[in-house]
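Subject: Handover of a structure and notes on its contents

Dear colleague,

Please find the structure below, together with its sequence. My notes on it follow directly after.

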Amino acid sequence: MLKQEIEDGQASLADPAFRADVLRGFKMRPRAIPARWFYDRRGSELFEAITDLPEYYPTRTETAILRRIAPEVAALAGPGRALVEFGSGSSMKTPIVLRALDPSAYVPIDISGDFLRESSAVIAGAFPGLTVLPVEGDFLRPINLPAQIADAPKLGFFPGSTIGNMVPASSVDLLRAMKQSLGEGAMLLIGMDRIKDAGVLTAAYDDAAGVTAAFNRNLLDRINHELAATLPVDDFRHVARWNDDRARIEMHLEAQADIAFTIDGHAFTMAAGETIHTENSHKYGPRDARVLLHAGGWTPIAEWTDPDDLFAVILAEAQPNRLAP
C-alpha cells in the first residue's frame, strides 16, 4: 500500500506534457517519443559526455568554427545585442560568442531547470559584469523574454544542430516561433550538420563506449521514475541507423524480448524486435539549409563551414514577411 502511494505521488509530480507525450507515443504505431524529453538532469549530463567522444564530430567541429568566426559575427551583429540561447544546456560554446559580442545581456533558455541554473551561474561567474537572465521553458513555442531586454536588439543562438532533431515541418514552426520571440530585425546564429558518409554519421550516434546507448535508455529510466512505470530497461537495445531517403540518423530503442509493462497505470506490451523511435537527426546540404531558414522567416546573410565541410554555422536575419522576393 505504501509503495503504491509513493508511486502515485511520483506520477502526480510529473510534467503533464511529458506524461501526455509518453502515453500518446506508446499508443502510436510505430511508437515514438519526442527527443526533447531526453533532457532531464541525467540526460543532460550524458549528452555533455557524448560531446567529448572521439566519434562525435559535431561539437568540436562547430566549436572550432565559432572560434574562427566570432569576431566576424560580432561585426555583422553590431554592439549592444542581447544574446538569447535556445536550449542552452551547459552553455559550453557560449563564452566564445559572448567574448566577441560584448552583449547587453545573456538569456539562456532550457527545459531542464536544474541544469539551466547551474550553467547560468557558471556564465555569470565567468562574466561578472554581464546581466544573465535564465528562462526555464520550452522554446519550441514562442517565449516571453525578460522585460529587461524588451528594447534591446537581439541575437538568437542555436548551436549544436539541434534543429536537425525535428522533422522539417516542425523545424519551420520552430524557426517561426524563434522569430516571434526575438522580433523583426533580430539575428539568429544557428548550427546545422551537413550530409556526409553514412559510416561517419552512424558511428557518431552509436559510439564504442556506449555513452549514446546510455543516453537513449535513460529516457526509459526517466519514464519509470517520473511516471511510476515498470519498463524493463535492460530488455531494450540502442539502435542508430541512417535513413538515406529522409537524410537523417534515427535512434530507436528495440525490445529484445516480448515484454509487458505499465506506465502511469496504463498497461502496454511490446513484441521482440519492436522499437520506440526516440530521435531524428536530420542533415542538410547547403541549399537545403538556406531553404529551411527562408521557410521559417529568416534570411541567411553569412555562412561558414570547416575545411572538410562536415558542419555549417549560418547567420540569418528576421526580416518583415514579404509576398514576393
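Helices (H or I, at least four residues) and strands (E, at least two) are DSSP runs, numbered from the N terminus.

Please note that this is a predicted model, in which local features need pLDDT of at least 70 and side-chain atom pairs count only at pLDDT 80 or more, while totals for chains, interfaces and linings use all residues. Residues are numbered from 1 along each chain as its sequence is written, and side-chain values use heavy atoms, with hydrogens and water left out.

Just after the helix comes Asp102, with a positive phi of about 50°.

Backbone geometry

Ser161 has a positive phi near 55° although it is not a glycine. Ser161 belongs to the loop between β5 and α7 (168-182), and it is buried, with a relative accessible area of 5%. For Ala247, also not a glycine, phi is positive at about 55°. The loop between β7 (236-243) and β8 (248-255) holds Ala247, which counts as buried at 17% relative accessibility.

There is also a cis peptide bond, which joins Arg29 and Pro30 with an omega of about -5°. Pro30 is located in the loop between α2 (16-27) and β1 (31-32).

The sheet

An open sheet of 4 strands runs in the order β1-β11-β8-β7, and its pairing is mixed. Its edge strands, β1 and β7, each pair on one side only. Two strands pair if DSSP finds at least two bridges between them. Strand β11 (residues 275-282) is antiparallel to β8, and 7 bridges connect them. Within this part of the sheet, His252 stands opposite His277 of β11.

Salt bridges

Side chains of opposite charge can pair when their charged atoms come close. A salt bridge is a side-chain nitrogen of Lys or Arg within 4 Å of a carboxyl oxygen of Asp or Glu. How many salt bridges does a search of the whole structure find? The search gives 20.

One of them joins the side chains of Arg36 and Asp138, at 2.6 Å from N to O. Arg36 lies in the loop between β1 and α3 (41-50) and Asp138 in the loop between β4 (135-136) and β5, so this pair ties together parts that are 102 residues apart in sequence. Arg36 and Asp138 are both buried, and the relative accessibility of Asp138 is 17%. Asp138 also meets the side chain of Arg141 in a salt bridge (2.4 Å, N to O). A network of salt bridges links Asp21, Arg24, Arg36, Asp138 and Arg141.

Another salt bridge is formed by the side chains of Glu254 and Arg237 (3.2 Å, N to O). This pair links distant parts of the chain, with Glu254 in strand β8 and Arg237 in strand β7, 17 residues apart. Glu254 is buried, with a relative accessible area of 16%, whereas Arg237 is partly exposed at 38%.

With kind regards

Terms used: Buried < 20%, exposed > 50% of the residue type's maximum accessible area, 1.4 Å probe, protein only.
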